[in-house]
Amino acid sequence: MKNIILLGAPGTGKGTQAANISKWYGIGHISTGDIFRSNIKAGTELGLTAKAYIDAGHLVPDEITIGMVKSKLSEPAYKEGFILDGFPRNIPQAEALDGYLLEAGGKRIHAVVSIFVPDETIVLRILGRRLCSNCGASYHTVYNPPAKEGLCDACGGKVVSRDDDSEATIRERLSVYYAQTEPIIERYRKLGIFTQITGHEIIDETSDEMHEALKKIFCE
Ligand code: AP5
Ligand code: MG
């Protein structure tokens with residue numbers, strides 16, 4: 001059983017790589033952003049509250065996010081391990097996660113991998129991102145286009161941009177990342193479980209580096 005955290009600024013490829021890791025090692029992927037977006041789509045109270053923060057590029061308040069992640073982690077699907085993508089995103093969330101893992105029978109995080117991509121590349125990547133409005137599959141207009149323009153390869157659904165992917169919101173999300181999320185790296189560096197990889201321009205090259213970074217912990 002291995003528990004992984006993926007860190008990195010918006011658009012560095014956390015969702016893309018988490019989907020790979022989940023397939024390679026058979027562990028569940030938890031993306032807080034995806035949970036919020038499915039609640040927005042379903043029109044739940046959680047979704048309505050979260051939407052205003054997400055559209056502004058700000059963090060959804062901890063009292064909402066922490067409870068939501070704890071309840072997800074306690075589902076049977078994550079007993080054999082998990083990849084957290086988008087959580088923790090500040091010090092209180094990192095502390096809450098430690099507390100939860102301790103209470104859940106002394107579980108721990110085995111590896112924290114951060115993906116580094118320069119800011120200007122991030123902006124271009126996010127502006128080119130497209131998602132299937134039906135199944136959520138992720139594409140990029142240049143780096144990973146669907147076979148038929150505007151249509152999902154997997155289900156034929158319409159491929160659209162995310163509501164929070166405007167340039168102004170991307171820049172706000174970047175400043176929130178540097179102010180609130182990057183400081184948590186030190187916590188994991190001190191524990192000796194932190195690795196940084198480069199988010200190369202070719203998705204498969206990033207996947208190879210990710211595989212290399214995780215190989216040793218899955219062979220332990
Ligand atoms: P979230 O959904 O987590 O967004 P994010 O962190 O801003 O990250 P993204 O999903 O934009 O990017 P990604 O790193 O997953 O990259 P992707 O693989 O898609 O959060 C959204 C919002 O929800 C937050 O702003 C906040 O409001 C709220 N929220 C979420 N978690 C929260 C929390 N814990 N606390 C409070 N609020 C929270 O890749 C991007 C694009 O690049 C894609 O098109 C992809 O195809 C392409 N690509 C990927 N890798 C490569 C590569 N190597 N080369 C070229 N292209 C690539
Ligand atoms: Mg994502």
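Leaving aside its neighbours within four places in sequence, which residues is R129 in contact with? They are S138, Y139, H140, V160, S161, R162, D165 and R173; contact means heavy atoms within 4.5 Å. This is a predicted model, in which local features need pLDDT of at least 70, side-chain atom pairs count only at pLDDT 80 or more, and totals for chains, interfaces and linings use all residues. Residues are numbered from 1 along each chain as its sequence is written, chains are lettered from A and ligands numbered from 1 in the order in which they are written, and side-chain values use heavy atoms, with hydrogens and water left out.

**The chain as a whole**

- The chain holds nine helices and eight strands. Helices (H or I, at least four residues) and strands (E, at least two) are DSSP runs, numbered from the N terminus.
- The radius of gyration is 17 Å, which agrees with the value near 17 Å for a compact globule of 220 residues. That radius is taken over C-alpha atoms, and the globule rule is 2.2 Å times the number of residues to the power 0.38.
- Along the principal axes, the C-alpha atoms fill a box of roughly 45 × 40 × 35 Å.
- Of the 220 residues, 45% are buried. Buried means under 20% relative accessible area, exposed over 50%, and partly exposed in between (1.4 Å probe, protein chains only).
- Among contacts in the chain with a separation of 6 or more, 71% are between residues 24 or more positions apart.
- The chain exposes about 11,000 Å², and carbon and sulfur atoms supply 54% of it. Accessible areas come from the Shrake-Rupley method with a 1.4 Å probe; for residues, only the protein chains shown count as cover.

**Ligand 1 and its shell**

- There are 33 residues around ligand 1, and T16, H58, R89, R129 and H200 come nearest. A residue is near a molecule or strand if one of its heavy atoms lies within 4 Å of it.
- The shell divides into 10 nonpolar, 14 polar and nine charged residues. Ala, Val, Leu, Ile, Met, Phe, Trp, Tyr, Cys and Pro count as nonpolar, Asp, Glu, Lys and Arg as charged, and the others, Gly among them, as polar.
- An N or O atom in the R37 side chain is 2.9 Å from an oxygen atom of ligand 1.
- In the T206 side chain, an N or O atom is 3.0 Å from a nitrogen atom of ligand 1.
- R125 places a polar side-chain atom 3.4 Å from a nitrogen atom of ligand 1.
- Taken alone, ligand 1 exposes 1,000 Å², and the protein buries 98% of that.
- Two or more residues of the shell come from each of α1 (14–25), α2 (32–42), β6 (138–140) and α9 (203–219). The largest share, four residues, comes from α2.

- R129 is found in strand β5, residues 129–132. Its relative accessibility is 15%, so R129 counts as buried.
- The side chains of R129 and D165 are joined by a polar contact of 3.0 Å. A polar contact is a pair of N or O atoms within 3.5 Å; within protein, one must be able to donate a hydrogen and the other to accept it, and residues adjacent in sequence count only if both atoms are side-chain atoms.
- G199 lies in the loop between β8 (194–198) and α9. At 7% relative accessibility, G199 is buried.
- Not counting residues up to four places away in sequence, G199 touches I115, F116, V117, R125 and T206.

**P88 and Y188**

- A cis peptide bond joins F87 and P88, with omega about -5 degrees. P88 sits in the loop between β3 (81–85) and α5 (91–103).
- Y188 belongs to helix α8, residues 185–190. Y188 counts as buried because its relative accessibility is 2%.
- Beyond its neighbours within four places in sequence, Y188 is in contact with I5, P88, A94, L97, V112, I193 and F194.

- S175 lies in helix α7, residues 167–181. S175 is partly exposed, at 37% relative accessible area.
- S175 and H58 are 117 residues apart in sequence, with their C-alpha atoms 9.5 Å apart in space.
- F218 lies in helix α9. With a relative accessible area of 22%, F218 is partly exposed.
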